[in-house]
Amino acid sequence: MLHLDADRLMALADEAATPAELDHLSACAACAREVEAFRGLRAAGLRSGGVILDAPITSWESLAPALRAAGVIRGGATARGLLMTRSRPWMAAAAALLLVAGGVIAGRLTAPGVRQFDPARVDQPAAGVQSTALVTSADSPIVSVDDALQIMERAEHDYRAASAYIAAQDPNTRGDADRYRARLAALDKVQSAVREAVQEAPDDPMLNQYLLSTRSARAVTLQQLSTTLPSNVRLASW
Amino acid sequence: MFGRMEPDAITIRRAINGDERALRQLWSQYAPHIDAVVLRLAEDRDLAADIAQEVWIQIFKALPSFRGESQFGTWAHRIAVNRTLNALRKVRRLGKVEVTIEEESASVEDDHDRGFLAESIEAAAARLPKGARTVWALHDVEGYTHEDIAEQLGITAGASKSQLFKARAKLRRLLAHLLDDPKPAVGYRHVAPGR
């Protein structure tokens, strides 16, 4: 029996067989097996198009400088940050204020029992504050969104710990109703600014995070303010 | 082609505006696929790494022209293929496609192949002659026609087909243990006969 040409067997991986070829394939197991093998090979090739690398062969560390040199990455600040600064400087200022206010408030929350300034404690870690070195993002290169979120979470934790340490050494803020009122006024402005930004970009996780932090900080400050009032007076509104 | 979540319009807009975080997010999400495309077409890993970096710069430079008519991944994939072929042409490797294949000694190939049983088609493809590998990747993986390949590589459609068949013949030999095995072969599922 004459077999199909080798090139024709390979071509039948993705071409239709003629009636004569079909007749032959139905009678010749060897040729049929070869055609099946080449079709399997073709299918495997198509499937391999979906194969991805476990680790990219590019790295952000080498790509970023090239993108910067090419003008693709613009400046050290984010584009949104640049836009905020350019069009609404008060929004950028509000965001900066939020970072400071949020940190101080969180510091109060994470420094239980430390109320009076004690010079002997200045060089000692405050109660509840870890004395281990802060972990920076440089130790954990970001290669995924999950990495980034973890680093943000860790940074928040570190920031709170550092704020708590500083707050524990400062005797001037305890029970100061005026400071709490000033902070509430600032937080109200910040909240308003961030809420407006969230309305513009409702999916932005960073802005949503800021909004939640602001609300949380505001609630905590209200509680703190209430503790400065006489025992027979209750804070009804702000 | 891309099972992963598409980047949202805000991320794209931020990336276009030069936001490093947004750019990095896009790279992080798509690099495993885009870099794989480059690696498949290029001849070796070092060269592929260089080309892949150029590819990413090109993708991000072209980002303002991305109109969302196709998926971002598909759009970036096309840039990756074109840019890789351009780069390969520049290093004058594709010009040697036919010569490279013709110079291959069948007996030497067989000797090498005898001791090699590919566990995957990617591993087997890595053993193809350079030009044949590029043609095979463009045709059997990327789905280009011989006419497209001929235009891209500056060869004839007939030469493209010839190189593809040589690539398939070698892959057939390298993967014979999988393709001829009564167990499920590459690309196949055995279906139980109906009762």
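Modeller: Chain B is built from eleven helices and zero strands, where helices (H or I, at least four residues) and strands (E, at least two) are DSSP runs numbered from the N terminus. Read from that end, its elements follow the order α-α-α-α-α-α-α-α-α-α-α. The model is predicted: local features need pLDDT of at least 70 and side-chain atom pairs count only at pLDDT 80 or more, while totals for chains, interfaces and linings use all residues. Residues are numbered from 1 along each chain as its sequence is written, and chains are lettered from A and ligands numbered from 1 in the order in which they are written.

Chain B has 195 residues, of which 44% count as buried. A residue is buried if 20 or more other C-beta atoms, placed from the backbone, lie within 10 Å of its own, exposed if 12 or fewer do, and partly exposed in between. Two residues are in contact if their C-beta atoms, placed in that way, lie within 7 Å. Among the contacts in chain B with a separation of 6 or more, 66% join residues 24 or more positions apart.

The pair α2(B) and α3(B) deserves attention. Their axes lie 10 Å apart, at an angle of about 135°. The two helices are therefore oblique to each other. Axes are lines fitted to C-alpha atoms, for helices over the stretch in contact, and angles run from 0 to 180 degrees between N-to-C directions. Under 35 degrees counts as roughly parallel, over 145 as roughly antiparallel, 65 to 115 as roughly perpendicular, and the rest as oblique. On the α2(B) side, the residues that meet α3(B) include Leu23(B), Trp27(B) and Ile34(B), and those they meet include Ala48(B), Ile51(B) and Trp56(B). By class, this contact has eleven nonpolar, no polar and two charged residues. Here Ala, Val, Leu, Ile, Met, Phe, Trp, Tyr, Cys and Pro count as nonpolar, Asp, Glu, Lys and Arg as charged, and the others, Gly among them, as polar.

The loop between α2 and α3 of chain B holds Asp44(B). Asp44(B) counts as exposed because it has 11 C-beta neighbours inside 10 Å.

Because 23 other C-beta atoms lie within 10 Å, Lys170(B) is buried. Lys170(B) and Leu128(B) are separated by 42 residues in sequence and by 7.2 Å in space, C-alpha to C-alpha.

Chain B also meets chain A, in a contact that takes 46 residues from chain B and 40 residues from chain A. Several helices of chain B each supply at least two residues to this side, among them α1 (9-16), α2 (20-41), α3 (45-62) and α10. The largest share, 13 residues, comes from α2(B). By class, the side of chain B that touches chain A has 24 nonpolar, seven polar and 15 charged residues.

Across the contact, helix α3 (residues 29-48) belongs to chain A. Its buried residues include Cys31(A), Phe38(A) and Leu41(A). The buried residues of α3(A) pack against α1 (6-11) and α2 (19-27) of chain A, together with α7, α8, α10 and α11 (176-179) of chain B.

Note on methods: Expected span 1.5 Å × (residues − 1).
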